[in-house]
Amino acid sequence: HATVRIECELKAGGTSTGTGFYFNFLCTETISVPCIVTNKHVVKDAQKGRIVITLAHEDKPLLNEHYHVAIENMEAMWIGHPSVDVDLAIMPVSLIYHHLRALGKEPYIRGFSPRDVWTDDKLADLLPIEDVAMIGYPNGVWDSVNNLPVIRTGITATPCYMNYEGKRRFLIDIASFQGSSGSPVCLFNRGTWLKKGGNTQMGGYRICLLGIMFAAIVRKQTGELMQITIPASTKTTIIPVMDTLINLGVCIKASRLMDFEP
């Protein structure tokens, strides 16, 4: 229930889908600023948008009762990360909360917060290979009846405590498709896991928000197709170029979310 499916109507025509997730900024004992986090490119050139919120009763989810929120001027509603090369954007959602409650409806939302983002010191205690879970809407797939996302699991493909290619990023080994952009990627251990130094942790869970999916690495494939027309002496050669996913996703480190707090 931490994620939200983002649907966009593009200014140039057509539609797109992506993933967002709830994150509470500026948390104190009494207040927080709830926002939806996604990638800039998910909402780029979006004229209108729509998100679906699960409703609650007595703090429990009503899985088959949702509220569809239509958003005008979709792209303008988002605050982009100040750095051009950081593909993150946030949208405060307090107005949506107030709108629902004015209608006598209670949203059921579970968001991440800064305490779920580990410091560099804590990340340094992880192994180069760790189990991760990515939550989102690959190719727009979801459980529309219960408003639930799709969960995929994999491993870190580069150490998440290091900066891939010198940037605050890391790779994951998970099948990644369009629609997964903006998905939260979490360290996900349950039952038993190996700790740095060789010790084994028995029982319980270990979960934190490691990063945000924003890109997939693809391989270019070229092949030669021979198109022969009549008469046979006339020959046309067509070279197609296709992108093939190699199941490597690029994630922005979750610590970059703290750049929004100022």
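A pocket here is an open set of points on a 1 Å grid over the protein atoms alone, with protein on both sides within 12 Å along at least five of seven lines, and its lining residues have an atom within 4 Å of a point. Its volume is the space filled by probe spheres set on the points, which are joined across faces, edges and corners. All views show a predicted model, in which local features need pLDDT of at least 70 and side-chain atom pairs count only at pLDDT 80 or more, while totals for chains, interfaces and linings use all residues. Residues are numbered from 1 along each chain as its sequence is written, and side-chain values use heavy atoms, with hydrogens and water left out.

**View A. The largest pocket has a volume of about 360 Å³.** Start at its centre: H41, F177, Q178, G179 and S181 lie nearest to it, among 17 lining residues. Strand β2 (15–25), helix α1 (40–43) and strand β12 (200–222) each bring at least two residues to this lining (helices are DSSP runs of H or I with at least four residues, strands runs of E with at least two, numbered from the N terminus). The biggest share, 4 residues, comes from β12. By type, the lining has 7 nonpolar residues, 10 polar and no charged (Ala, Val, Leu, Ile, Met, Phe, Trp, Tyr, Cys and Pro count as nonpolar, Asp, Glu, Lys and Arg as charged, and the others, Gly among them, as polar).

**View B. The second largest pocket holds about 290 Å³ of space.** Look for H1, A2 and T3 in its lining, along with others including F112, P149 and I207. Strands β8 (131–136) and β11 (184–194) each supply at least two lining residues, and β11 gives the most, with 3. This lining divides into 10 nonpolar residues, 2 polar and no charged.

**View C. R5 and E7 join their side chains in a salt bridge, N to O 2.3 Å.** A salt bridge is a side-chain nitrogen of Lys or Arg within 4 Å of a carboxyl oxygen of Asp or Glu. R5 is buried at 12% relative accessible area, and E7 is buried at 17% (buried means under 20%, exposed over 50%, partly exposed in between, with a 1.4 Å probe and protein chains only). R5, E7 and R50 form a salt-bridge network.

**View D. R110 and D59 meet in a salt bridge, with N to O at 3.0 Å.** R110 sits in the loop between α2 (94–102) and α3 (120–123) and D59 in the loop between β4 (46–57) and β5 (60–72), so the pair ties together parts 51 residues apart in sequence. R110 is partly exposed at 34%, while D59 is exposed at 56%.

How values were computed. On a 1 Å grid over the protein atoms alone, a cavity is a set of points where a 1.4 Å probe fits but cannot get out, and a pocket is an open set with protein on both sides within 12 Å along at least five of seven lines; lining residues have an atom within 4 Å of a point.
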